[in-house]
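Dear colleague,

I am handing over the structure we spoke about, with the sequence and the coordinates placed just below. After them you will find what came out of going through it.

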Amino acid sequence: MNRTLFVAAPILVLGLTLLPGLSGVRADEGAYITVASTTSTENSGLFGYLLPAFTEKTGIEVRVVAVGTGQAIRIAMNGDADVLFVHHRESEERFVDEGYGVKRYPVMHNDFVIVGPATDPAGIRGMEDAAAALAAIANADQPFASRADDSGTHKKEISLWAAADIDPTGASGSWYRETGSGMGATLNTASAMGAYALTDRGTWIKFGNKGDLQLLVEGDPRLFNPYGVILVSPDRFPHVKAREGQAFIDWLMSEQGQQRIAAYRIDGQPAFFPDAVP
Amino acid sequence: MTDFVNAFRTAFELIVGLDPELVRIVTLSLQISLAAVLAATVIALPLGAAVALLRFPGRRAVVILLNAAMGLPPVVVGLVVYLLLSRAGPLGSFGLLFTPTAMIVAQCILVMPIIAALTRQTITDLHEEYDEYLRSVGAGPLRSIGTLIRDGRFRLLTAVLAGFGRAIAEVGAVLIVGGNIQNVTRVMTTTIALETSKGNLALALGLGLILIIVATTINGLAMAVGEAAESRHG
Amino acid sequence: MAEVEGSLEPAGACPLLPLVTDGLCFTGGDRRLILDGVSFRLDDGFRTVILGPNGAGKSVLLRLCHGLLRPTAGQITWGGLSPAAAASRQGMVFQRPVLLRRSVRANIEHVLAIKGVRAGERGARVRAALERAGLARLADRPARMLSGGEQQRLSIARAWVMEPEVLLLDEPSSSLDPAATRAVEDLVREVAAGGARVIMTTHDIGQARRLADDVLFLHRGHLLEHSPASSFFAGPAHPAAARFIQGDLID
């Protein structure tokens, strides 16, 4: 056995893997922007459909960090993103008012739906009043899986409970299950324990582990879910790539961007509806 | 059961088809973890050797810290690195958050104590055995450390591979500091977390199988190296 | 030998002998007195055997002389030098050979490198040392895979390759079979014939008879007798030594 080879081989392997590795890791030099956004836009596949068209046109790479709306806003408030793309209007307006963002552009909307077990023990199927549906779930003591993660969906859920005049957190741990997780993880939980849940339509259509869950309630105007896109303030954070970020926003608001949003289909169904068709 | 069957089929198809997305993710995972382990090794080897050989005040505390740090919770490490690298944090001006570099930093912090603690153990054991000989022939401190590292090289390599195993299998820290950005910071573990959250359990499990294959290969390599050393040099 | 002015000794070198110890005491980690007031003088030209039962303090005495341990009290001088200063001119062979996890050849090369022998010179010296120890054909084998006797011969060769003025051996054949013991003893004789002063410990009376020119008899940390081998084995002065060489168990 050749000892030199014996020692050198692992080192060689290490080196060969590493050299291209480091250069790959450093390949940050091309123009790119970081977008703090929500799991609903990323997990539904919308970004995967939109971004290549934008990048092809402008040469600007878009890096999406997909988290809950609340966390996305905090990332942007730290200056760790160039563009914020979320769905909770009040928080977005406050973000702009407090000087973290330049301007909110209403880019598109989708809607929330309530899903639950096919047997529907709370009997909410086909209800048109989302708050009343939640009240029925609460009154029937049926399990409800909440995001409980300060996301846009969670904020929407809280406002619906308020409209129903119910404080579910008192039942936390019994029928009200707070997952503290993303939309997909919460749907996995709901699927596993036959619980109801509030979800955005896009994530729901694309979700691969529906199991026994079915769409039960939709169409209440209060389930309307508008998305806003905001350039993080370059005055506040000088490192923000304002030109590239604004280019992304302008493209989203342009005819081409809006058409592309409208054209996106999940399993043949439209998932997002443009709000800024010029 | 169908999930498992599907997972195996998915994993098989991904591997056999050399799915380009999969290749990219696996490559990035290897690159990031190798870079992290290399950086950690550069720090950990001298540190572990120093703690093993030098007597200085607070040495015991360092040993305890190193051993305890072997079990650092990745999420906490991720959070600390996140706060450090955030634009609002002390190292924010480098703009490293949500880049592969941030993930390397986090993994390096997680892995460094493992390699250092195992290095310390290896060097301590070997030093106990070699000490009188080295002093007898008048070997200086540098020569002694060199001899110990060289003769402990197989066990040290095992330590490095153990660190690599932890680095490549870790999800909590890299998810926080990398942001799981497609094509940029998406590695095997964060992809598994993402696909799980999308309800694509078979795909997630398939990727998990590939991760296990990679980790097992590394472990097997570590064992083979250890055994080869044992049989060659006793 | 080097008392002659203008000898061939390198400049500044003085002879290491006599080895003089005076009132040597050593206390172990558990406060046990291992050596108690050991004083002797060894002159040039002998093979000295430090003889005594297990636990007499022989190994500690050898380590003190080589500078690996420091005496709790008392003095050691090698031709006026401290043990630490003299150590580089001595070779030491341990009871359990400390061999590096490398080839036989690399073990010898290691010590040559430490002593600053130029790389170009090492090959020839390694070959000569292995030749003398009868290990030439094993040069490329991993050192720790050798038999016990071969390992001990390698450590003697490694100590010898620097041509030390004094070779210290601590029970070099205590765990070897008779054939391997004979090989080690032959090698020790050869080293001594080559001009090195040999000081070795043993608890084996037969080995002491075969190798010793003079004997230091050590018992329970006390030096009980220091005599030429011929008179020691003819009739030791101390009763404990007499019983020991008759094969009695002494404690």
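To begin with chain C, the side chain of C:Arg89 makes a polar contact with the side chain of C:Glu165, at 2.8 Å. Please keep in mind throughout that this is a predicted model, and that the distances and areas in this message are computed from it. C:Arg89 lies in the loop between helix H2 (83–86) and strand S5 (90–93) of chain C, and with a relative accessibility of 17% C:Arg89 counts as buried, because the cut-off for that class is under 20%.

Salt bridges within the chains

Over all chains, the structure holds 29 salt bridges. One of them, in chain A, joins A:Glu92 to A:Arg104, with the closest N and O atoms 2.3 Å apart; this pair links distant parts of the chain, since A:Glu92 belongs to helix H5 (residues 89–97) of chain A and A:Arg104 to strand S4 of chain A, 12 residues apart. Both partners are buried: A:Glu92 has a relative accessibility of 0%, and A:Arg104 has one of 13%.

A pair in chain C also links distant parts of its chain, with C:Arg210 in helix H7 (residues 205–211) and C:Glu185 in helix H6 (residues 178–193), 25 residues apart. The side chains of C:Arg210 and C:Glu185 meet in a salt bridge at 2.7 Å, N to O. Here the two partners fall into separate classes, for C:Arg210 is partly exposed at 41% relative accessibility, whereas C:Glu185 is buried at 4%.

Helix H6 of chain C also holds C:Asp186 and C:Arg189, which are 3 residues apart and therefore separated by about one helical turn. These two residues form a salt bridge, in which the closest N and O atoms are 3.1 Å apart. C:Asp186 is partly exposed at 40% relative accessibility, and C:Arg189 is likewise partly exposed, with a relative accessible area of 28%.

Returning to chain A, there is also a network of salt bridges, which links A:Arg74, A:Asp150 and A:Lys155.

A helix with a buried face

In helix H11 (residues 255–263) of chain A, the residues A:Gly257, A:Gln258 and A:Ile261 are buried. Seen down the axis of H11(A), these buried residues fall within an arc of 95°, so they line one face of the helix. Among the elements that cover the buried residues of H11(A) are helix H3 (46–58), strand S4 (101–117), helix H10 (242–253) and strand S12 (273–274) of chain A. Strand S4 of chain A is also where A:Arg104, the partner of A:Glu92 described above, is found.

Where chain B meets chain A

The contact between these two chains takes 32 residues from chain B and 33 residues from chain A, and the area buried between them is about 2,800 Å², of which carbon and sulfur atoms give 65%. Across this interface there is 1 salt bridge, and the side chains of A:Glu42 and B:Arg186 meet in a salt bridge at 2.8 Å, N to O. The count of residue pairs in polar contact between chain B and chain A is 8, with both residues at pLDDT 80 or more. On the side of chain B that touches chain A, at least two residues each come from helix H2 (20–53), H5, helix H7 (153–169), helix H9 (188–197) and H10 of chain B, and H2(B) gives the most, with 4 residues. By class, that side of chain B has 16 nonpolar, 10 polar and 6 charged residues.

Where chain B meets chain C

This contact takes 21 residues from chain B and 24 residues from chain C, with a buried area of about 2,000 Å², of which carbon and sulfur atoms give 50%. There are 4 salt bridges across the interface of chain B and chain C; C:Arg101 forms a salt bridge with B:Glu129, with the closest N and O atoms 3.2 Å apart. The residue pairs in polar contact between chain B and chain C number 12, again with both residues at pLDDT 80 or more. The elements that give two or more residues to the side of chain B that touches chain C are helix H5 (100–136), helix H6 (141–151) and helix H10 (201–233) of chain B, and the largest share, 8 residues, comes from H5(B). The residues on that side of chain B divide into 6 nonpolar, 6 polar and 9 charged.

With kind regards

Conventions: Residues are numbered from 1 along each chain as its sequence is written. Chains are lettered from A and ligands numbered from 1 in the order in which they are written. This is a predicted model: local features need pLDDT of at least 70, side-chain atom pairs count only at pLDDT 80 or more; totals for chains, interfaces and linings use all residues. Side-chain values use heavy atoms; hydrogens and water are left out. Contact means heavy atoms within 4.5 Å. Buried area is the accessible area (1.4 Å probe) that two parts lose on being put together, summed over both. A polar contact is a pair of N or O atoms within 3.5 Å; within protein, one must be able to donate a hydrogen and the other to accept it, and residues adjacent in sequence count only if both atoms are side-chain atoms. Ala, Val, Leu, Ile, Met, Phe, Trp, Tyr, Cys and Pro count as nonpolar, Asp, Glu, Lys and Arg as charged, and the others, Gly among them, as polar. Buried means under 20% relative accessible area, exposed over 50%, partly exposed in between (1.4 Å probe, protein chains only). The arc is that of the directions from the helix axis to the C-beta atoms.
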